[in-house]
Amino acid sequence: MDNKYLSISAITRYLKAKFDLDDNLKSVFLKGEISNFKAHTSGHLYFSLKDEGSKINAIMFSRNAAKINFKPVDGTKVLVSGRISVYEPTGNYQIYVDDMEEDGVGNLYVAYEKLKQDLEKEGLFKQEHKKIIPRFPKKVGVITASTGAAVRDIITTIERRFPICEIILFPTLVQGENAKEDIVKNIKRAEDYDLDVLIVGRGGGSIEDLWAFNEEIVARAIYNCTIPTISAVGHEIDFTISDFVSDLRAPTPTAAAEMAVPNIIDLEKHIGQLNIRLKESIIKKVKYQKLYLDSIKNSFVIKNPMIMYENKKQTIDLMQNKIKDLVLRKIEKTEEKLNNIKNSYVFTKPEILYQNEKQTIKIIIEKLELLNPLNTLNRGYSITYSDGKVIKDIKDVKDTVTIKLYNGSFKAKVIEIGDEKNG
């Protein structure tokens, strides 16, 4: 009876044989975008090829990989040829690539990397420039296509999570030649609507479909936007320049809506918890105040108020006595000082003060007499003037001089001026 059951290995070998015998799978030509790229140390290349709807695993052995003339990376568009077969250990079918060349779209990835590096060097990706997404927004703006899954997912998610929030849609071209200008125009329009948060994005697609969000003018418009901005372009594996310059990157449009608004159910639960904590806090406070009031009511002072009055009265009496003692001591000191003044020799013998002052004046006069120049002249000295100035140097002597004596002065004519050294 068990003979009808096959082993996993047997069915896998059977399917592999089917693949290997199918002439249509022996030589296939595929076009797709590289993802999950890994270059093994052996020289083999492991990666996936994907398009808008599907993905296939791929391997390129080192002998064939050595022939390619470009560096494959994630996001590179390629044209490959090879055979389809089953890898028995996992049971997965995959393409064994013989030849691979870069598709024309690969140039977009090169441009993407260059712009990314330039803007990063300029500082547009720095965390310090990121604005904080408000926790409870009143208005959320959405810049995306007016139709499609992205706009529906964003609107339904916001309405479900936070229905009190107003949503303002800015219908926008999200792919094509004119998409970049339209996105920039609507970002500038959004700044006139007093928005709390702005979501900019679209659903998934190929690199060329998402390219509008890799344009420099779009990146700079998001960076310069005054509204906190969430970028929601493509799927989780898709990264655009808009993601790096925005204030927050969401992996999908739905995730962007979840990041933009809180969940009202969670808020209600949180408010309920806060309400419980508030009631408990109020009850606790009332109980504490009641205990405090009871302690006051039962205090010794309240029950025996006269004791407090008597204590205060005693304090006042002590202060009065202290003041009285201070006043009396002040009066005694003043009387003592007054008696000392009355008994001083100035009042008892004022003539002594007069004699002392007279002696002092006499001494001053004697000092002045010593300094009087007339007394010097009286001893036979004289002062010689020339043009009203006292002559101190022989060089200042002129033809006529004035000589002052003790009891008068006279003019004299200079006959000869002798040399001090020669006599």
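Let's start inside: the largest nonpolar core has 33 residues, and Leu119, Ile183, Ile187, Leu195, Leu198 and Phe213 touch the most other members. A nonpolar core here is a set of buried Ala, Val, Leu, Ile, Met, Phe, Trp, Tyr and Cys residues joined through side-chain atoms within 4.5 Å, and buried means under 20% relative accessible area (1.4 Å probe, protein chains only). Two or more residues each come from helix H4 (106–122), strand S7 (166–171), helix H6 (179–190), strand S8 (197–202), helix H7 (216–224) and helix H8 (241–245). Helices (H or I, at least four residues) and strands (E, at least two) are DSSP runs, numbered from the N terminus. H6 gives the most to this core, with 5 residues.

This is a predicted model, where local features need pLDDT of at least 70, side-chain atom pairs count only at pLDDT 80 or more, and totals for chains, interfaces and linings use all residues. Residues are numbered from 1 along each chain as its sequence is written, and side-chain values use heavy atoms, with hydrogens and water left out.

Now zoom in on Ile183. Leaving aside residues up to four places away in sequence, Ile183 touches Thr172, Leu173, Val200, Ala212, Phe213 and Val218, a contact being heavy atoms within 4.5 Å.

Next, look at H6 beside H7. Lys180, Glu181, Ile183, Val184 and Ile187 in H6 meet Ile217, Val218, Ala221 and Ile222 in H7.

Finally, step back to the whole protein. There are 15 helices and 14 strands, and 30% of the 423 residues count as buried. The C-alpha trace spans about 160 × 105 × 50 Å along its principal axes.

Key
Buried < 20%, exposed > 50% of the residue type's maximum accessible area, 1.4 Å probe, protein only.
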